[in-house]
Amino acid sequence: MTTVVETGSKVKAQPSTGIKFWLKLLMYVALAGLVLMLAIAALGFFFGEKPEKVLDKTALVLNWKGPIVEQHSGNARARLIAQLSGDDSGDTQLRDVIAVLDAATKDSKISSVVLALEDFAGAGLATSHEINAALARFKASGKKVVAFSSNYTQRQYYVASQADEVYLHPMGMVYIEGYGRLRNYYKNALDRLGVQANVIRVGKFKNFGEPYFATGPSEATNQSDAFLYDEIWKTYTSTVEKARKLPEGSIVAGIEALPERLAATNGNAAKMALAAKLVDGLKTRDEFREMLIARGAKDTEKGTFRQVSFNSYLRTLDKKTGRGDSVGIVVAEGDIVDGEAPQGSVGGRSTSDLIAKAREDKDIKAIVLRVNSPGGSAFASELIRRELELTQKAGKPVVISMGDVAASGGYWVAMSADEIIADASTITGSIGVFGILPTGEKAMEKLSVATAGYTTTWLGKAYDPRIGLDPRFATVVQASVGNIYSEFMERAAKARKTTIEKIDDVAQGRVWTGAQAKERNLIDRTGGLQDAIKSATTKAKLAEDTPITYIEKPQSSLEKLLAQLGGAQLQQAALKFQLSLLPTPLPMQTKLEVQQDLQFLANFADRAPGDLPFVAMAHCLCAK
């Protein structure tokens, strides 16, 4: 029921008094329910189940959920709501993976590691190399690593292949498909809709906007993709073949002969994987469990082998960090945007503030910027680079550690550093700039909608998505983008101690692997995060065992509590309270690629901060 209230010449629809009462009541009940649920969760944490006690002959089960990331995205409250709404895809921080494995290496009670990878969404090659290095340190201590899964995706298998023994369910498969991708090209569709993308770019390899103005990849794009993906594929196959003691080229040969090999096992993919020596045995889950019981110790209470999960073992680690000299790590992960940004993305202002905070901290003697970003706003990237430059001038060493991707804006931020270290498989480079100014004048014509009006200058209607792009404004944007590209190359040339001409030869928006970038003087050397930390420690003349400190936005007391609560405890708390009273958000749905691309184009005009008409982007649209 709705009542209408007239106020002068305005008419407003308002809920009736009765409805307003019930809405307020529902809101108060929901709020009280949320408070009660959090209280139950807190009691469960403080008085409930404590971290498991680790006994002798315990197997550490690495049952990671979701992808491996540098930093949790969002905040603890958002993750709580996701868990309670059943939409907790989860993720695992790389720093926690390394900490757990290194602690288990020294722990006499941990006898082995079990890679249980069914819920593991994988990681890029650079991140996987960090994990594999930690597994290698564990194996070097004389302890075994075994892996089991019902199926192995390409990313899961890359980590699993490093185990001493790899087991697969008899009805499972190992699915390795290689690298590369197909893109959608929207020019014909946009023409039918009456929409024009108006992509303005500098660099013949800067193909971010190509899907919107072409019907297929350009020769430059195909050339760049082939050079990049072939190198990454070579790294993948050689790493797996070395770990599994397979002849060189055996994985590629197996894919080429897949129909014949599968036919030879009557369509049994698991037997084919065993015959190809990709796995050491086929076992059901109970058979695998019995094998581990026989090798270690039985947990009679639970009827399985003695074990501790990744999260339980993580909670046993001492995370106290006392004051004193340390190396500060700032994480720059995700798209680079202007202003403030939550964890999981890079804010020009917020990330700059973290660097400044580390610079002003007398206990932080050096900074490692861990970059895992495809880029974004050129302006925001420059803000971050400038703070690193100021840190260098203040006398504190700066070392860049590149993760899976550090390209375009992700490379821009690295141009004020004492050393740049990238994984051999990092995607980097992409020195180029672009802008997209979508207009829909033909679409308006098809809708029989006219757009007109008076402006005091031509700039007032130079770019309005409802009408055509003024050629003079396109010239202005092109000049601005070109200027930013020139600045990009000048800064790169200065940082790499070379000429602009030599930078231009390897720029033009082209992406490279870390190994290829090293050959072209875009980085100093290949290596991982530990190499970067060691370098920063040495440059700051610190002791080898100097601790590290992650520089992050301080959490509130509530966020600290929620961060410590395990998912199982939250679910138990939820069961004790009727959460149906709470207004929960709808689960996030995976959108089709087409919808994502077209939505991106539709929103691009809104990326400019404030009332500015456009923003220059340094983004590579690249991923692994």
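View 1. Where pLDDT is low, predicted coordinates should not be read in detail.

**View 2. The whole chain, for orientation.** Let's step back for a moment. The average pLDDT of the chain is 83, and 78% of the residues score at least 70. Of the 624 residues, 47% are buried, that is, under 20% relative accessible area with a 1.4 Å probe, counting protein chains only. Among contacts between residues at least 6 apart in sequence, 75% join residues at least 24 apart.

**View 3. Leu62 in the largest nonpolar core.** A nonpolar core is a set of buried Ala, Val, Leu, Ile, Met, Phe, Trp, Tyr and Cys residues joined through side-chain atoms within 4.5 Å. The largest one has 57 residues, and Leu62, Trp64 and Leu115 touch the most other members. Beyond four places in sequence, the contacts of Leu62 include Val100, Leu101, Leu135 and Phe310.

**Notes for all views.** Residues are numbered from 1 along each chain as its sequence is written, and side-chain values use heavy atoms, without hydrogens and water. Local features need pLDDT of at least 70 and side-chain atom pairs 80 or more, while totals for chains, interfaces and linings use all residues.

Technical notes:
Buried < 20%, exposed > 50% of the residue type's maximum accessible area, 1.4 Å probe, protein only. Contact = heavy atoms within 4.5 Å. pLDDT = per-residue confidence, 0-100.
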